[in-house]
Amino acid sequence: VLALAACEEDAPKRPVAESITDRGATATLHEQFRIDGHEADLVSAWGLAEAEDGTLAVPQFEDNEVRLYSAEGVFLDALGGEGEGPGEFQSVRSVSWRGRDSLAVYDMSQRRMTVLPIGRGYPRTVPVGRRPNLSDRTGRFITFARMADDGSILAQLLETPRETSRTRVERILVLGPEPGVEREVAVLESPDPKVEVREGSWAGSAGLPSANFPAIRLAQNGSRALVALANLEGELAGTFGLTALGAAGDTLFDRRYAFEPIEVRPEYADSAIEAFAENLAPSLATLYRDQAEYPPLRKPIVDLVDGVDGTIWVALRRSSGERIYTVLDEEGDVVGQVLMPRRVRPDVVARSHMWSIEVDQWGVPSLVRYVLEWSG
């Protein structure tokens, strides 16, 4: 069950479930060029950000820097680096453009957002987040944050509850732009199945690998948050809800779609549980094998991407094994389908083009720009 508390009235009711698969136009991908990971010495890549003029920001999490490439794939600059000083990072978590002349980088370890000017100027730092509340063993960690043009920050906050809690709580917040201002856009609660063991002073816990947590995506420009959650049991089993929330707390749309129910076979659940248990402490592994249970259906939402042009890309699990993304417009209506090759992971998407991350057998990522040709 997902408890979603928005600040304003819900959008008008829609049919219980709409079909979105195999509808609308079909897009064909045409590769324009690629930034070879070996030649560019890329060590990690996800969470790309594209400016209005096509400049691409590529976080390098192991190096704690952000590299810039032109719309044609030409290397422009590297910003940041390991450290605690102005313009330095310890844990780059997300990046977002502010217009075309500055880049906002969220550092999770230092709990701050750094605005890096492109060209002249000095970095500016904005504190983000609070310290964990150690008295009740509840931590509050902002996992992702995006800065809007007005300086406000759209943030995704995860609360780490008491050890005995079976509920996961995530909040979507807007911070600023004035210091100390914090608005709550939504509260998301979902079951958090855990197996726990305590031996003397040692305690351990392990969650189910397929726990049905909501997928949350923050728009690059800080204007909205997308929340998707599948129903695997009960009256709504075989459907998932998709909600778009504005940074002002308004519900942009709230719709429910159908997915292809794929049952969890006992042999699949047993092998997955065993594979996970092998990495746990022996006493915890024993309990995990006895207590861990899979839901009756496999999680259908494989990926959710927020397009730079307002589109929404959803990949649903299919029994055929095909990786097909359904593209929705800003109101949740179907635009069409994109068949994605297996090694391609879309990161920056729009109706006209796409930046993908393709990892080779050595684990080195390359960045590939595609154009989309629509038919039908």
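1. Helix H3 (282-291) is among the elements that cover the buried residues of helix H2. In this predicted model, H2 runs over residues 266-277, and its twelve residues reach 16 Å from the first C-alpha to the last, close to the 16 Å expected at 1.5 Å a residue. The buried residues of H2 are Ala-269, Ala-272, Ile-273 and Ala-277. These residues lie on the same side of H2 because they cover an arc of only 130 degrees around the axis.

2. When contacts between residues at least 6 apart in sequence are considered, 49% of them join residues at least 24 apart.

3. The largest pocket holds about 750 Å³ of space, and its lining consists of 32 residues, with Trp-46, Phe-144, Arg-146, Ile-216 and Arg-217 lying nearest the centre. Among the elements that give two or more residues to this lining are strand E7 (92-98), strand E11 (139-147), strand E17 (215-218) and strand E25 (344-349). Sorted by class, the lining has 18 nonpolar, five polar and nine charged residues.

4. Arg-217, one of the residues nearest the centre of the largest pocket, belongs to strand E17. Is Arg-217 buried or partly exposed? Arg-217 counts as partly exposed because its relative accessible area is 31%, which lies between the limits of 20% and 50%. Apart from neighbours within four places in sequence, Arg-217 is in contact with Arg-224, Ala-225, Leu-226, Asp-303 and Leu-304. Its C-alpha atom is also separated by 7.0 Å from that of Val-305, although Arg-217 and Val-305 are 88 residues apart along the chain.

5. Leu-116, which is found in strand E9 (residues 112-117), counts as buried because its relative accessibility is 6%, and buried means under 20%. If residues up to four places away in sequence are not counted, Leu-116 touches Leu-79, Gly-87, Phe-89, Asp-101, Ser-102, Leu-103, Val-105 and Pro-123. Leu-116 and Gly-80 are 36 residues apart in sequence, while their C-alpha atoms are 8.6 Å apart in space.

6. A few backbone details deserve a careful look, since most residues other than glycine have a negative phi, and most peptide bonds are trans. Asn-64, in the loop between strand E4 (56-60) and strand E5 (65-69), has a positive phi near 50 degrees, and its relative accessible area of 3% makes this residue buried. Arg-111, in the loop between strand E8 (102-107) and E9, likewise has a positive phi, of about 50 degrees, although it is not a glycine. Arg-111 is buried too, with a relative accessible area of 13%.

7. Which kind of peptide bond leads from Gly-176 to Pro-177? The bond is cis, with omega near 10 degrees, and Pro-177 itself has its place in the loop between E13 and strand E14 (182-191).

Technical notes
Residues numbered from 1 in each chain as written. Predicted model: local features only at pLDDT ≥ 70, side-chain atom pairs only at ≥ 80, totals over all residues. Heavy atoms only, no water. Helix = DSSP H or I, 4+ residues; strand = E, 2+ residues; numbered from the N terminus. Expected span 1.5 Å × (residues − 1). Buried < 20%, exposed > 50% of the residue type's maximum accessible area, 1.4 Å probe, protein only. Arc of directions from axis to C-beta. Contact = heavy atoms within 4.5 Å. 1 Å grid on protein atoms, 1.4 Å probe; cavity = no way out; pocket = protein on both sides within 12 Å on 5 of 7 lines; lining within 4 Å. Points joined across faces, edges and corners; volume = space filled by probe spheres on them. Nonpolar A, V, L, I, M, F, W, Y, C, P; charged D, E, K, R; others polar.
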